[in-house]
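Thanks for coming, everyone. Let me put the structure up, and then I'll walk you through a few parts of it.

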Amino acid sequence: MARIRNRRKPVAEMNVVPYIDVMLVLLVIFMVTAPMLNQGVKVDLPQVSSEVLPQNNDAQVLTISIKADKTYYWNMGNEVDTETVQDQALTLEEMTRAVTAIMNQNRSQGKQIQVFVRGDKAVDYGSVMNAMGGLQQAGVGNVGLITEAP
């Protein structure tokens, strides 16, 4: 009886299992290290001119100014007005209560309000962010930041 030999042909396919293992290990490493990457670096930002924000002519404009002593001043009008002061608050809570009242009053009348924040350059970043958090609590969904050209 003659035996027929089955010859095995060489396999020309690449074995990708080790590459998948390496990829999964790298994925786990990047997933673990990614949350550690958002630490800040102290930088001195350059002064640049910024583009003008689009302004809705039908909306009322609430301009909030934060002075160097962390007091809040605001003005309500038809355009951005940084010179006139209608009211002031000494604390963030007072400002939040006042803006909440302004927002509720204008919403009940069906008016749109654009809110702009203008901070003194001597005020720290945290104070501006606290003011923006207070505005969010007051129901303001969109805030523009006012800068001055160098």
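Start with Lys-70. Its relative accessibility is 41%, so Lys-70 counts as partly exposed. Keep in mind that this is a predicted model.

What does the side chain of Lys-70 meet? It meets the side chain of Asp-124 in a salt bridge, 3.9 Å from N to O. Lys-70 sits in the loop between E1 and E2, and Asp-124 in the loop between E4 and H3, so the pair ties together parts that are 54 residues apart in sequence. Asp-124 has a relative accessibility of 39%, so it too is partly exposed. How many salt bridges does the structure hold? One.

Now the turn itself. E1 and E2 form a hairpin, with five residues between them. Lys-70, in that turn, has a positive phi of about 65°. The two strands pair in the antiparallel sense, over six bridges. Look for Ile-66: it stands opposite Tyr-72 in E2.

Stay on E2. It has another neighbour, E3. Those two strands also pair in the antiparallel sense, over three bridges. There, Tyr-73 has Gln-88 of E3 as its bridge partner.

Is E2 mostly covered or mostly open? Mostly covered: six of its six residues are buried. In a regular strand, side chains alternate between the two faces of the sheet. Here, Tyr-72, Trp-74 and Met-76 point one way from E2. Tyr-73, Asn-75 and Gly-77 point the other way. All of them are buried.

Next, helix H2, residues 92-108. Its 17 residues, at 1.5 Å a residue, should span 24 Å. The end C-alpha atoms are 24 Å apart, which agrees.

Which residues of H2 are buried? Met-95, Thr-96, Val-99, Ile-102, Met-103 and Asn-106. Seen down the axis of H2, the buried residues fall within an arc of 130°, so they line one face of the helix. On the other side, Glu-93, Arg-97 and Ser-108 are exposed. What covers the buried residues of H2? The cover includes strands E1, E2, E3 and E4, and helix H3. Just after H2, Gly-110 takes a positive phi of about 80°.

Last, confidence. The mean pLDDT of the chain is 76, and 73% of its residues reach 70 or more. Where pLDDT is low, the predicted coordinates should not be read in detail.

That's my tour. Over to you.

Terms used:
Residues numbered from 1 in each chain as written. Heavy atoms only, no water. Helix = DSSP H or I, 4+ residues; strand = E, 2+ residues; numbered from the N terminus. Expected span 1.5 Å × (residues − 1). Buried < 20%, exposed > 50% of the residue type's maximum accessible area, 1.4 Å probe, protein only. Arc of directions from axis to C-beta. Contact = heavy atoms within 4.5 Å. Pairing = 2+ DSSP bridges. pLDDT = per-residue confidence, 0-100. Salt bridge = Lys/Arg side-chain N within 4 Å of Asp/Glu carboxyl O.
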